[in-house]
Amino acid sequence: MNRLTCPVAIQGLGCVGGFGCGIDDFCHALVAGSCAPTLSSEQHADGLAYGPAYLAQTDTLTDFVAKRSLRRLDHYARMALLGGCLALEDAGIAGEQREKVGVMVASGYGASTTTFSFLDSVLDDGDHCASPTNFSNSVHNVAAAYLSMQLGMLGPNLTISQFEMSMSSALCNAVCWLQQGRVDTVLVGGVDEHCPVLNYCYQRYFATVDGGQTSAKIEPFVFDRQTAIPGEGAGFLVLSADPDKARYGMIDGVDVGHMRQPTWSADDLLLVGADGHCNCGQWYESIADHHQNHRLASCTPVYGSQPTGQAFDLIAAALMINDQRLYGHTTGHTTMADSDTIDSVTSLKVAADGQYGAVHMVKGI
Amino acid sequence: MTTKEKLKQILVEDLNLEDITPEEIGDDEPLFGEGLGLDSLDAVELVVLVQKHFGVEIKDMEEGRPALQSVTTLANFIDNNRE
C-alpha cells in the first residue's frame, strides 16, 4: 500500500442514494443490511423493459440552494450538489470559509440521461436544433462545475472518469492537492446516475445470465452468479490537511494496482465493493479463497451496483471507525466481539480486468 | 393556441421556469435582466427552440436583439417570418 507521508483527515460526510438522503438514512440502511430497490419500467425499441434499481431522490436540495438556481440542473448534477451540500454541512464549513476548498468529482458514466437525451435530439431534429443547455449538462465535469459555482468553492476543480477506479483515482489526486498545499480542504466524491439505457442494458446483457431472471437482491459474496442491481447516487467526503479536523478518522494510504500484485494488508478488515457482477466476482473470490483469515464485509446491497460505489464504501468505512461498529454483509468468519475494536479498514474496489483501487483508513494517527 | 401563448408555454416548460406559470408572463415584460431574468445561455436556447417549434431561424445578433426583447416582439418576428 502506498502509505501517505502526511495522512489526511476526514472532516465531513454526505450522501444520497436509494437508501435515502444523509448519513442518518445511510446508517439505518447499513444496520438493516440492505434496502429495497425500485422497479422502473422503460419503453425501448424492442419492447418494455422492467428493471429494479436503487434510485435517489433530491427534493431536499432546495433546503440548501434556491429553487430558481436549480432550473438548469439535471438529476445527475442535483445528486452531486446535494451530496456535496450535506458533506460541507456535516463538516461545518460555512459559505465564507470555502475560498481554499478544492472540488474533485469521480464519475463512471457521467450525466448519462442528459447525454442520451442530447444524442436523441440530434438524431430526431438535426444538429441545428440540438439544445445548448443539454450539451453543457452532458459533459462529465458539469457536476463539479455546479458544485463550485453554487457553493462558492474557489479552489481547483477536476472530474475523473476511470470507471470502477474513478473514486480511488480521484482520491489520489485530492490527496496530492492537500499535500502540495494547493488547498486546505477538498470536497471529493463520486456520482453516478441510472438511466433508461442502463436499465435496458442490465435487462439485455445481465439478467439473462441467470435464466432470464433479474436477481431480487444483491448477494455480494455469491461470486459465480449475476446478482447485480444498478444503483445511483452521490457520496462525498470533506478531507482536510489538518489532523485536528479528523472527525471520522484519517486516510493514510491510497493505491491503484492489479490483483496479480496486491499491496493491501491481509490483517485489515476489508470492505469490498463486490456488487454482484460475476465478471468481477472471480477477483473477490480469490481473496476469500487465498486468505482464509481475511475479514470481509460489503455494503453494496445498500447502495446498488455503480462504478463509483466505492464512494459509499469510504463513507461506510469512516462510520465503522467512528461508531466502532461492523456494518454491512460479512463472510462467515467476520464477526465483532464486544472487546474488538475497528482500528483500520481497507476499502477495495476491483474491476473486471483485475485492476483495483484500495484506500486505507485508520482511527487516528 | 396563439403564437404568444405557445411562446409562454415554451418559456416555462423548456427553460424550466418552475416558479412561474405561462399566464403570469406579461406580453411586454422584458425577457432578460429585470424582467423574466433570463441570461445569455437562455438566449441561445430560445433561438434553437424557435427554430424547432416554429421553423423560424434567427440568423444573427442583428435580427436577434430586437426580436428577443419580449414575448410580443418575438411573436411578431415569428409571425412575420413564418413560411
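## Report on a predicted two-chain model

Seven of the ten residues of helix α5 (residues 142-151) of chain A are buried, so this helix is largely enclosed by the rest of the structure. Buried means under 20% relative accessible area, exposed means over 50%, and partly exposed lies in between (1.4 Å probe, protein chains only). Helices (H or I, at least four residues) and strands (E, at least two) are DSSP runs, numbered from the N terminus. The model is predicted: local features need pLDDT of at least 70 and side-chain atom pairs count only at pLDDT 80 or more, while totals for chains, interfaces and linings use all residues. Residues are numbered from 1 along each chain as its sequence is written, chains are lettered from A and ligands numbered from 1 in the order in which they are written, and side-chain values use heavy atoms, with hydrogens and water left out.

The buried residues of α5(A) are Val142(A), Ala143(A), Ala144(A), Tyr146(A), Leu147(A), Ser148(A) and Leu151(A). Their cover includes the helices α2 (75-91) and α4 (132-138) of chain A, together with the strands β5 (101-106), β6 (157-160), β7 (185-192) and β8 (233-240). Gly152(A), with a positive phi near 65°, follows α5(A).

**Loop residues of chain A**

Most residues other than glycine have a negative phi.

His194(A) is placed in the loop between β7 and α7 (196-206) of chain A. At 9% relative accessibility, His194(A) counts as buried. Leaving aside residues up to four places away in sequence, His194(A) touches Ser40(A), Ala53(A), Leu55(A), Thr113(A), Asn199(A), Pro230(A) and Glu232(A), where contact means heavy atoms within 4.5 Å.

**The two chains**

Chain A comprises ten helices and 14 strands, whereas chain B has four helices and zero strands. The radius of gyration is taken over C-alpha atoms, and the globule rule is 2.2 Å times the number of residues to the power 0.38. For the 365 residues of chain A this rule gives a value near 21 Å for a compact globule, and the 20 Å of chain A agrees. For the 83 residues of chain B the corresponding value is near 12 Å, and the 12 Å of chain B agrees.

| Chain | C-alpha box along the principal axes |
|---|---|
| Chain A | roughly 65 × 55 × 35 Å |
| Chain B | roughly 35 × 25 × 20 Å |

Buried residues make up 57% of chain A and 40% of chain B. Among contacts with a separation of 6 or more, residues 24 or more positions apart account for 79% in chain A and 53% in chain B.

**Interface**

In the interface, 15 residues of chain B are in contact with 13 residues of chain A. The area buried between the chains is about 1300 Å², of which carbon and sulfur atoms give 44%. Buried area is the accessible area (1.4 Å probe) that two parts lose on being put together, summed over both. Glu18(B), Leu41(B) and Glu45(B) supply 35% of the area that chain B buries against chain A, more than any other three residues.
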